[in-house]
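This report describes how the parts of a multi-chain model meet. It takes the contacts between chains before the contacts within a chain.

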Number of protein chains: 4
Amino acid sequence: MKVGIIGASGYTGAELMRILHLHPRLELSYVAAKTQAGKKVGELYPHLHPYRDLVYEKFDPEIALEKAELHFICLPHGESMEVAPTLLKGNAKVIDLSADFRLSSAEVYEEWYGIAHSAPDYLGEAVYGIPELKRGEIEKARLIAVPGCYPTASLLALAPLLSNGCIEGNQVIVDAKSGVSGAGRGLTLDTHFPQCEASVKPYGVAQHRHIPEMEQYLGEMVGSPIGVVFTPHLIPMSRGILASAYARVDGRLKPEDLYELYKDFYQNKLFVVVLQEGEYPQTKAVCGSNYCHLGVKLDPRNGWAIITSAIDNLVKGASGQAVQCANIMAGWREEEGLEELGIFP
Amino acid sequence: MKVGIIGASGYTGAELMRILHLHPRLELSYVAAKTQAGKKVGELYPHLHPYRDLVYEKFDPEIALEKAELHFICLPHGESMEVAPTLLKGNAKVIDLSADFRLSSAEVYEEWYGIAHSAPDYLGEAVYGIPELKRGEIEKARLIAVPGCYPTASLLALAPLLSNGCIEGNQVIVDAKSGVSGAGRGLTLDTHFPQCEASVKPYGVAQHRHIPEMEQYLGEMVGSPIGVVFTPHLIPMSRGILASAYARVDGRLKPEDLYELYKDFYQNKLFVVVLQEGEYPQTKAVCGSNYCHLGVKLDPRNGWAIITSAIDNLVKGASGQAVQCANIMAGWREEEGLEELGIFP
Amino acid sequence: MKVGIIGASGYTGAELMRILHLHPRLELSYVAAKTQAGKKVGELYPHLHPYRDLVYEKFDPEIALEKAELHFICLPHGESMEVAPTLLKGNAKVIDLSADFRLSSAEVYEEWYGIAHSAPDYLGEAVYGIPELKRGEIEKARLIAVPGCYPTASLLALAPLLSNGCIEGNQVIVDAKSGVSGAGRGLTLDTHFPQCEASVKPYGVAQHRHIPEMEQYLGEMVGSPIGVVFTPHLIPMSRGILASAYARVDGRLKPEDLYELYKDFYQNKLFVVVLQEGEYPQTKAVCGSNYCHLGVKLDPRNGWAIITSAIDNLVKGASGQAVQCANIMAGWREEEGLEELGIFP
Amino acid sequence: MKVGIIGASGYTGAELMRILHLHPRLELSYVAAKTQAGKKVGELYPHLHPYRDLVYEKFDPEIALEKAELHFICLPHGESMEVAPTLLKGNAKVIDLSADFRLSSAEVYEEWYGIAHSAPDYLGEAVYGIPELKRGEIEKARLIAVPGCYPTASLLALAPLLSNGCIEGNQVIVDAKSGVSGAGRGLTLDTHFPQCEASVKPYGVAQHRHIPEMEQYLGEMVGSPIGVVFTPHLIPMSRGILASAYARVDGRLKPEDLYELYKDFYQNKLFVVVLQEGEYPQTKAVCGSNYCHLGVKLDPRNGWAIITSAIDNLVKGASGQAVQCANIMAGWREEEGLEELGIFP
């Protein structure tokens, strides 16, 4: 299947190219970028030498539709919603890695992203692309909204508890730690090496744009609104997210039940590994891979479940998950081209 | 004033030596170690070249008492309680950096540390050495229990809220991120560079031994028991702790009040810097210094305060705080020898 | 083809397992370890979850020979030479990752490694497993000595110059920078995270055991003895080697010729990428991959060539190269199972 | 003594402020910046909280001369030479941290920096500010050119050998490894965290602008031209330089003489620590300090000396050395305000 990448010069675009290089069934046939149009891939990404002389094209919908039947959109939010409808009307399938089609409500989108949604008609049909939770819908979708990196880690951490009605109250806390590549390729002082090396810093406390996305899908699970108290932190590593999720649990849930609950929920989900009790996930174990490792713990003294979840933000948190969705949409094995294990140590 | 360090070969001992080197009033006159006894300081610590040829002695209470009138004990828990009484009986003052005298109850100590306390009679008189909260008692103390690194960061983060009766319920959540030096100089697979570099990992979830210490002093503040849901994480940096503390607040506390509450609480506390609203602390800004930076935020949608707190675990979290206590006990300016700013960037 | 790993619990063994997991033609059927025998792979390596419940066996030559026809030996030097002869006599092929069969002279081996060689009769037939330079011999070999990580980076950097008689004098300088995983999984103070993080340090200056290996094969290229002035450094990263090689060049070699010389030498060598003039390699671009990136520069003011070479020490510098040799021995495409690109950024 | 900092918003300016904060005799009374003029120090540097509300002024020579009698210039090269003459004419002393007054020849300056020198008349009187080598001249100077970070590390490494006529030939090789703060506060892709983290990369091979400076002062030592083959590398740490210098030595120099040669040369030089034979310097041991650690080794097989030298690029490589010069110019103890030991681990 011929696929294109639109907005290919950023980190998620580069990661898609790395994955597609070894994918047995997806062939990269169109690569567009905006500010980097005209440059060669090799000028930006030394690791992508098989694509070294490939030139980023300026996006042209007609050419895009002619060259590929499925497009990954890696544009910033706000730009993606301008492009996706054209491609869909041209009968292409679209897997969008931006935030533009993740929320079902245009009002909530505007509230958090500060701009009006220009394609609200597509919000209803867009499927949230987290295969472990939405596989059936993904199979039939033509427009996928790939979840944000933080929501991927957080929803996988909390889904078994919330889907099974095990929490008390209507709030959860997620304290997340992200590698710096999550901030993208754009230069900022906060991501300038000397400023963030050997240091931890929170940012966007209780204001991060991934919050409404988490609240929407967690709310779906329990059937009523859920509030997410969310603090992201920047960690001195390039890749990886470790989300530590806290939920007050129903007193009937016993510590010894928690592991079984998770084990059952994720049985047959190849990419989610539930660690034994007493084991905890670390981001390095999933670096470069599409896996999510989960550690489960119930604090019996206080009655809170503490679920820790590790992913590679650029793979399971973005490009790998996008390819996983593409595999499902095409009816192939979900793991095609995604079986690499983590690069450890 | 002549001082000694007992258990001087570990990281907190080395950090004390670094600080004492420039301290205008404390003179290092006794240095003992256990397994490293007989070695020169220069063999272990290349940065301590002024002490290069100093030899770690085997601990001998008589010599210790003869050579110094104040002793910093940097032994592991369990060993400190064997040494402190002898020194106190010999009329020395003791500043203990271990956990042995932090808890007021020998039963709680045994429960969390797994060994019976051998000097329970001293638990009553030991003063918890966190000068911003216990200054009056420190002035008169002869036995100081320097708080753990996590409790220092966490208590400074939560004290204004809890002392002012601003929280709802009787639980708080602390999600802490520590540099690897916090694990000490002992070799373990978890602190082997290739295993923990570029990675984040939780450990001791809901079971860390700093929990009872936090619960005791937070409980004191509110006058009733407080549960601390606590998750420490190992971060790929050598120094620094960033504690993110979550407390459900009384609905009458407004977002705009929070900064004032903290500003007032810490006015005249030189080593605590309350950052402006919208600013967040980072560990690098306090690296090598005795400062604590606090960031305050109220999540108005959910009603939780999120306080983030950064310290250098070896300075304000251990040796710097110990010297701060020594200064206060001696009646000097609290900041003598501790005025270095953070090494940034 | 069924293969075994002997000494599988170290980093090169784990890296072989990661590679073999996706190799289409090599099947892992025997896994032995020494001190870790009896443990499960999952207890040591969280990223190897497909092998999670596999138990490291105690090495038994009969079982090894029965279960696999090709063995990768990842034992320390000194132990490998005890094991390889038995396997060879049992008609297995052996790819040894230790230093035991790299040097042609048992005397030189004893001089640098401090022990007598117990299997000197095999030194003559062992083939140095660097496919870009020894492909013909590898095809016919039954015993491969995989080069050390430093020699791989250094020989690839210098081979075009030395093979073409372009250097003056009989000495070269190699200043190498290695990630900490090169020191292995064993715990030492030098590889304890707080000691080596955010720091650079040379070690084994002019005394590293990889020196005789470099001198032997560089000497072969020019047909007379070559001295290697070698300084390795420990760099705060887990993976990667950057070797900077300096050679005084014949005055007839022009700056503009250097790139062509390298380009020609490595044409058709898939895993060696010669960068354009003005571009320099970085270890991150080859992290997790079997590629070597080379940067070439002639200092026209002083008449020295400065060749910089980047590899992943655990892949092209060890396990990847071992699999590349296995592919060649089996008559397959050299790159089978080794086509992953670097994990960047 | 009242001092000013011109160009104070960069890393060397910030480091001067950190040092001056505790300097007993220098009082910061003027702080100017260019693009950051009007901002508060606290907006840029969270660690400089005592200066939090100080506003960077726009540079005005009259005000500068009125407010301070000694000025540290931290402007980029090309800008410094526009400012220094005005200050000197106004009878201020100037310590310039840029490259503008380091070279004695305006022609060489133009050749390497690509711009004509606008104040060539001052090149003759400017004193190269490396106190261990130029103390007498510094005492009497009114214009100091503080050496670059690489030259500081390299000259201290090579001076004993070259000053004593111990090398053969007229070339040396310096392979240097620098922390990323050496590249300054300006944002570039090469210093974007995800690009350079966990990676090593050479840059400016044989073309770095610190080369002529090293060649001039090494040439002075031997009394004839010296060529420096120089390769800098970017290392994933914020601070520190490790320079590995290679010089072919006269055959009469014995390995056992080398340590004595260095020990003698640097006796009474407080800030240079010559390590015992077999010990090697590491950048972490000098982090945040003004010390230089030197490791000496003679490769007896090949006849080369390999001298490794570690400094903190922002302290001994820039701002600390500048203050050291100021102390000497003022006739004070050289080490005033500079006695902090390295932050280790």
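Buried area is the accessible area, found with a 1.4 Å probe, that two parts lose on being put together, summed over both. The model considered here is predicted.

**Interfaces of chain B**

By this definition, chain B and chain A bury about 4000 Å² between them, with 57% of that area on carbon and sulfur atoms. On the side of chain B, B:Val200, B:Tyr280 and B:Arg301 supply 14% of the area buried against chain A, more than any other three residues. The contact involves 48 residues of chain B and 47 residues of chain A.

The contact involves 19 residues of chain B and 19 residues of chain C.

The two interfaces are set out below.

| Interface | Buried area | Share on carbon and sulfur atoms |
|---|---|---|
| Chain B and chain A | about 4000 Å² | 57% |

The side chains of B:Glu215 and A:Arg301 form a salt bridge, with an N to O distance of 2.4 Å.

**Helix packing in chain D**

Within chain D, helix α6 (residues 131-140) packs against helix α11 (residues 315-330) at an angle of about 40°, and their axes lie 10 Å apart.

From α6(D), the residues in contact are D:Pro131, D:Glu132, D:Arg135, D:Ile138 and D:Glu139. They meet D:Lys316, D:Gln321, D:Gln324, D:Cys325, D:Ile328 and D:Met329 of α11(D). Sorted by class, this contact has 5 nonpolar, 2 polar and 4 charged residues.

**The surroundings of D:Gln216**

Another helix of chain D, α9 (residues 211-222), contains D:Gln216. Leaving aside residues up to four places away in sequence, D:Gln216 touches D:Arg102, D:Leu103 and D:Ser104. D:Arg18 lies 198 residues from D:Gln216 along the chain, and the C-alpha atoms of these two residues are separated by 32 Å.

Methods. Residues are numbered from 1 along each chain as its sequence is written. Chains are lettered from A and ligands numbered from 1 in the order in which they are written. This is a predicted model: local features need pLDDT of at least 70, side-chain atom pairs count only at pLDDT 80 or more; totals for chains, interfaces and linings use all residues. Side-chain values use heavy atoms; hydrogens and water are left out. Axes are lines fitted to C-alpha atoms, for helices over the stretch in contact, and angles run from 0 to 180 degrees between N-to-C directions. Helices (H or I, at least four residues) and strands (E, at least two) are DSSP runs, numbered from the N terminus. Contact means heavy atoms within 4.5 Å. Ala, Val, Leu, Ile, Met, Phe, Trp, Tyr, Cys and Pro count as nonpolar, Asp, Glu, Lys and Arg as charged, and the others, Gly among them, as polar. A salt bridge is a side-chain nitrogen of Lys or Arg within 4 Å of a carboxyl oxygen of Asp or Glu.
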